[in-house]
Every structure is written in C-alpha cells, then in structure tokens.
Amino acid sequence: MDQVRAWGVPLDDETADGIRLIASELITNAVVHGEGPVTVALFHRPGRLVIEVLDASPVTPQPNCAGADDESGRGLLLVDALAARSGWESSDRGKRVWVDLVLPKPAPPVRSDVLRRFFAVQHETDIRDASKAFVLAVA
C-alpha cells in the first residue's frame, strides 16, 4: 500500500483491502502451486493499477469450484470478482498472472476563488427552497 499511496492514489479502506486480497491470493497461488522464485510487480497509470506475479511453473491457473466446507479454492474467483480484468500468459521463465484494477483518481486541485463563489452562493440562498441543486463532485 505504501507504494500505491506514494504514487498519490487516494485509497479508501475498501480499495486498499481489495488490493491486499488480490495481491495475497496471487502470491499465495504462486508459492503453493508454482515453482521457483516468485516475482511481484506493480504498474500504475492514473486510475489503474496492474499487479502481476511471475513464477517458474508453466501450469495454467485454474479456478476451482470449492464446496461449502472446502478451506481453499475460491481465490481466483474472488480475484476475478474484484478486478476490472485479469488473465495469465506463458513467459520464457514460466507464467505471468496479472490483474488490472480500477483505482480512485486524485481530486483535481480546485481554485480558491471557485470555492469562495460556491460557498458565497450557499450562504445567499436557502438551499431547501432552491429549484436547482449544485453538486461539486470531487472524485
């Protein structure tokens, strides 16, 4: 999370938990089902985060249909549910499993004169009687 925050991504608890869960599942799968050294990489573009995990095993990742009492077998299904896109591909050293996540974008800076005008209008008007609403979305 520190690296993602260092890129200036505003992480709420839900997004941070999703990133942790996905990274944990991908890394655990590579350690348990893969071979050789495991490499984890993060790539950031505004609004996107790609997590990729490489291991030396050429074996295709397979989602399982876990039973109600099974203690494992749901990880890739959870990853797919949380990700915008996910997949895997063979590499010259094994395979690369990746997940593309949608991230909150940093709020654009709002000029102080715009805020002053906005709040001045708020004080001059009884908001309950206003026929139109003004919404300032910062996301």
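Accessible areas here come from the Shrake-Rupley method with a 1.4 Å probe, and for residues only the protein chains shown count as cover. On that basis, the protein chain has an accessible surface of about 9900 Å², and carbon and sulfur atoms account for 54% of this. This is a predicted model: local features need pLDDT of at least 70, side-chain atom pairs count only at pLDDT 80 or more, and totals for chains, interfaces and linings use all residues. Residues are numbered from 1 along each chain as its sequence is written, and side-chain values use heavy atoms, with hydrogens and water left out.

**Overall layout**

- The protein chain holds 4 helices and 4 strands; helices (H or I, at least four residues) and strands (E, at least two) are DSSP runs, numbered from the N terminus.
- Their order from the N terminus is α-α-β-β-α-β-β-α.
- Of the 139 residues in the protein chain, 25% are buried; buried means under 20% relative accessible area, exposed over 50%, and partly exposed in between (1.4 Å probe, protein chains only).

**Strand 2 and its partners**

- Strand 2 (residues 48-55) is largely enclosed by the rest of the structure, because 6 of its 8 residues are buried.
- Strand 1 (residues 39-45) pairs with strand 2 in the antiparallel sense over 7 bridges; two strands pair if DSSP finds at least two bridges between them.
- Leu42 has Ile51 in strand 2 as its bridge partner.
- The hairpin of strand 1 and strand 2 has 2 residues between the strands, and Gly47 there takes a positive phi near 85 degrees.
- Strand 2 also runs antiparallel to strand 4, with 8 bridges joining them.
- Opposite Arg48 stands Val102 in strand 4.

**Asp100**

- Asp100 lies in strand 4 (residues 94-102).
- Its relative accessible area is 5%, so Asp100 counts as buried.
- Leaving out residues up to four places away in sequence, Asp100 touches Arg48, Leu49, Val50, Ala83, Ala84 and Arg85; contact means heavy atoms within 4.5 Å.
- The side chains of Asp100 and Arg48 are joined by a polar contact of 3.2 Å. A polar contact is a pair of N or O atoms within 3.5 Å; within protein, one must be able to donate a hydrogen and the other to accept it, and residues adjacent in sequence count only if both atoms are side-chain atoms.

**Exposed Val32**

- Val32 is part of helix 2.
- Its relative accessibility is 55%, so Val32 counts as exposed.
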